[in-house]
Amino acid sequence: MSIFDFIKPEKIITSELSEIKGLFHLKPLEPGYGLTLGNALRRVLLGSIKGIAVTSIKIKDIQYEFSSIKGVIEDVTEIILNFKKIRFKRKTLLQDKEIVNVKINNNDDKITGKLLNRFIINFEIINTDLVICHKDKSIPLEFSFIIEEGRGYVPSEENKKNNNDIIGNIAIDSIFTPIKNVKYTIDNCRVGQKTDFENLSIEIKTDGSITPKLALMEASKILIQYFSIFSCEKIENIINEKPIINKEKKYNEEFLRMRELLKSKLNDMDLSVRTKNCLKTASIENIADLVIQTKSNMLQMRNFGKKSLEELEEKMKKNGLYFGMDITEYKIHS
């Protein structure tokens with residue numbers, strides 16, 4: 001029986017939707033498909049959706065997590081636990097990592113998420129009421145922490161490997177997943193005279209950094225990418241036939257020219273000082289980093305205006321470049 005003979009839903013019905021909670025219904029489904037789809041989506045939602053978390057912290061004059069800080073009520077272990085609770089959302093798509101340096105003056109006796117937001121450029125703390133620690137007003141406090149994008153749960157040992165080049169860093173466990181809870185139920189529904197078809201209901205709760213609708217879409221895309229591996233052209237018969245070996249692609253002169261151009265530094269474009277400084281602040285160092293951006297993303301950058309955008313477009317046009325380019329085929333980082 002072909003897939004076209006199956007009864008399939010025409011659309012997903014949403015009965016509840018907010019920034020943090022969504023309830024989605026998928027019906028009618030063939031018998032057994034409620035469990036098949038519900039379990040797969042739940043596993044991917046809980047473990048494979050990208051999120052943002054703190055991976056390490058560094059406190060001035062503190063070397064170990066089992067320490068206390070002069071003038072601070074909480075010890076370092078308690079502070080680390082509070083850092084794990086911080087939830088972030090993106091301000092820009094340009095960066096997936098940021099080192100935040102914090103200097104607290106003598107006027108503050110409580111460090112909260114709202115206070116830390118003043119020092120963060122590319123991300124924003126959602127739970128601004130979260131208290132990191134309490135301190136004596138007469139004692140200044142200086143520390144830094146690293147924000148990164150990741151998936152699922154990453155233990156401190158793994159984060160320590162990734163950030164072992166910074167002396168004094170204390171790696172912490174990171175909970176990247178933005179999904180707080182996923183549950184699904186399966187009920188019977190009627191199609192014609194048959195009553196054994198299924199209605200799959202999925203309830204998704206997030207931390208607010210991603211909407212439930214977008215999370216469900218991302219989980220579906222991940223599953224589609226995996227199942228595409230089982231397409232006919234990707235299954236090789238290694239018993240009766242020799243596996244197909246792809247010959248190395250012969251790149252023409254235009255391909256090589258474009259590849260070298262994309263790998264070149266932005267200094268080669270002869271840009272104005274203002275535009276250079278804006279791009280440097282956003283850590284856009286080469287042409288490849290620039291062309292993958294969209295115009296809307298560029299205009300969200302600090303101190304970046306329409307004149308800078310027009311300047312870049314003019315320079316890029318001369319070399320056959322434009323914003324939003326797909327540069328995958330050029331394998332810039334290979």
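Student: Which residues are buried in helix 1?

Tutor: In this predicted model, the buried residues of helix 1 are G34, G38, L41, V44 and L45.

Student: Where do the buried residues fall, seen down the axis of helix 1?

Tutor: They fall within an arc of 140°, so they line one face of the helix. The face turned away from that buried side carries L35 and R43, which are exposed.

Student: What covers the buried residues of helix 1?

Tutor: The cover includes strand 2 (21–29), strand 13 (179–191), strand 14 (194–206) and helix 5 (212–227).

Student: What span should helix 1 have at 1.5 Å a residue?

Tutor: Helix 1 runs over residues 33–47, and its 15 residues should span 21 Å. Its end C-alpha atoms are 21 Å apart, which agrees with the expectation.

Student: Let us turn to helix 5. How many residues does helix 5 have, and what is its reach?

Tutor: Helix 5 has 16 residues and reaches 23 Å from its first C-alpha to its last, close to the 22 Å expected at 1.5 Å a residue.

Student: Which residues of helix 5 are buried?

Tutor: P212, A215, L216, A219, I222 and L223 are buried in helix 5. These residues cover an arc of only 120° around the axis, which puts them on the same side of helix 5. I224 and Q225, on the other side of helix 5, are exposed.

Student: What do the buried residues of helix 5 pack against?

Tutor: They pack against strand 1 (13–17), strand 2, helix 1, strand 9 (141–151), strand 13 and strand 14.

Student: Finally, where does N117 lie, and is N117 buried or exposed?

Tutor: N117 lies in the loop between helix 3 (113–116) and strand 7 (123–125). N117 is buried because its relative accessible area is 16%, and the limit for buried is under 20%.

Student: What does N117 touch?

Tutor: Not counting residues up to four places away in sequence, N117 touches E124, I125 and T128.

Definitions and conventions:
Residues numbered from 1 in each chain as written. Predicted model: local features only at pLDDT ≥ 70, side-chain atom pairs only at ≥ 80, totals over all residues. Heavy atoms only, no water. Helix = DSSP H or I, 4+ residues; strand = E, 2+ residues; numbered from the N terminus. Expected span 1.5 Å × (residues − 1). Buried < 20%, exposed > 50% of the residue type's maximum accessible area, 1.4 Å probe, protein only. Arc of directions from axis to C-beta. Contact = heavy atoms within 4.5 Å.
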